[in-house]
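This briefing goes through one protein model by topic, from its nonpolar core to its sheet and helices. Please keep the sequence and the coordinates in view while reading.

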Amino acid sequence: MDSKNNKIDPTINFVPAKSALSWDEYFMLQAMIAAFKSKDPATKVGSVFVDKNNHQITMGYNGFVAGIDESKVPWGKDKSAPLEFQKYGYVVHSEANAILHASRSLEGATAYVTLFPCNECAKLIASSKVKEVVFLSDKHQDTESNRIAKKIFDLSGVSFRSLEFRSEILGNLTEHLQNLLTDI
Ligand SMILES: [Zn+2]
């Protein structure tokens, strides 16, 4: 053994360390960043699907049909126009996009979503055997679509819970990003 080691304080370098985020917060933040990429001027939604080992499987945000000429379809949501002239005729929701782009099974996965899924996405989530949905906002909770989504989850055994996102994370994240940029 190196005799030098005898003189070293064994606690040296054992610095208290912890992550700035829980796993829930980490993946919700990723879903929020995915939402940031959406071109929808009114509602930006993101989702991230994660396996039981906290490894990301897939992500998505709401956007027009892949490959469509986006200059030929509207982002407006005025329902006095026919569906052909509303965004709803052409938008793929974040959860649907994530599920479409998953390259492996979503069975047993947890879905982190910035907005509680609509009934159409709830169909896809439950049919994919996702086991849990964690959401940030449930602002459409009085709508029929929302009630149907919850009924689908209840009947298919998909649990769901809201996540309280600590506001101080945003300040800490901004500081972190500024530090990274300063290091360049
Ligand atoms: Zn949806």
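A nonpolar core is here a set of buried Ala, Val, Leu, Ile, Met, Phe, Trp, Tyr and Cys residues that are joined through C-beta atoms within 7 Å, and a residue counts as buried if 20 or more other C-beta atoms lie within 10 Å of its own. The model is a predicted one. On that definition, the largest nonpolar core has 34 residues, and F49 and Y112 are those with the most contacts inside it.

- Once its neighbours within four places in sequence are left aside, Y112 is in contact with F27, M28, A31, S47, V48, V50 and V134.

- Five strands form an open sheet in the order β2-β1-β5-β6-β7, and their pairing is mixed.
- The edges are taken by β2 and β7 (159-162), each of which has a single partner strand, so one side of each is left without a neighbour in the sheet.
- From one strand to the next, the twist averages 15°.

- On one side, β1 pairs with β2 in the antiparallel sense over five bridges; F49 has T58 as its bridge partner in β2, and V50 stands opposite Q56 in β2.
- These two strands, β1 and β2, form a hairpin with five residues between them, and N54 in the turn has a positive phi of about 60°.
- The strands β1 and β5 also run antiparallel, joined by four bridges, and V48 stands opposite Y112 in β5.

**Helix α3**

- The buried residues in α3 include C121, A122, I125 and A126.
- Seen down the axis of α3, its buried residues fall within an arc of 130°, so they line one face of the helix.
- An α-helix has 3.6 residues a turn, so residues three or four places apart point the same way.
- The elements against which the buried residues of α3 pack are α2, β5, β6 and α4.
- After α3 comes K129, whose phi is positive, near 70°.

**Helix α5**

- Helix α5 (residues 168-182) has 15 residues, which at 1.5 Å a residue should span 21 Å, and its end C-alpha atoms are 21 Å apart, which agrees.
- Of the 15 residues of α5, the number buried is zero, so the helix lies largely in the open.
- I169 has its place in helix α5 and is partly exposed, with 17 other C-beta atoms within 10 Å.
- Not counting residues up to four places away in sequence, I169 touches L21 and E25; I169 and E25 are 144 residues apart in sequence, yet their C-alpha atoms are 8.7 Å apart in space.

Note on methods:
Residues numbered from 1 in each chain as written. Predicted model: local features only at pLDDT ≥ 70, side-chain atom pairs only at ≥ 80, totals over all residues. Expected span 1.5 Å × (residues − 1). Buried ≥ 20, exposed ≤ 12 C-beta atoms within 10 Å, placed from the backbone. Contact = placed C-beta atoms within 7 Å. Pairing = 2+ DSSP bridges. Axes fitted to C-alpha atoms, helices over the stretch in contact; angles between N-to-C directions. Arc of directions from axis to C-beta.
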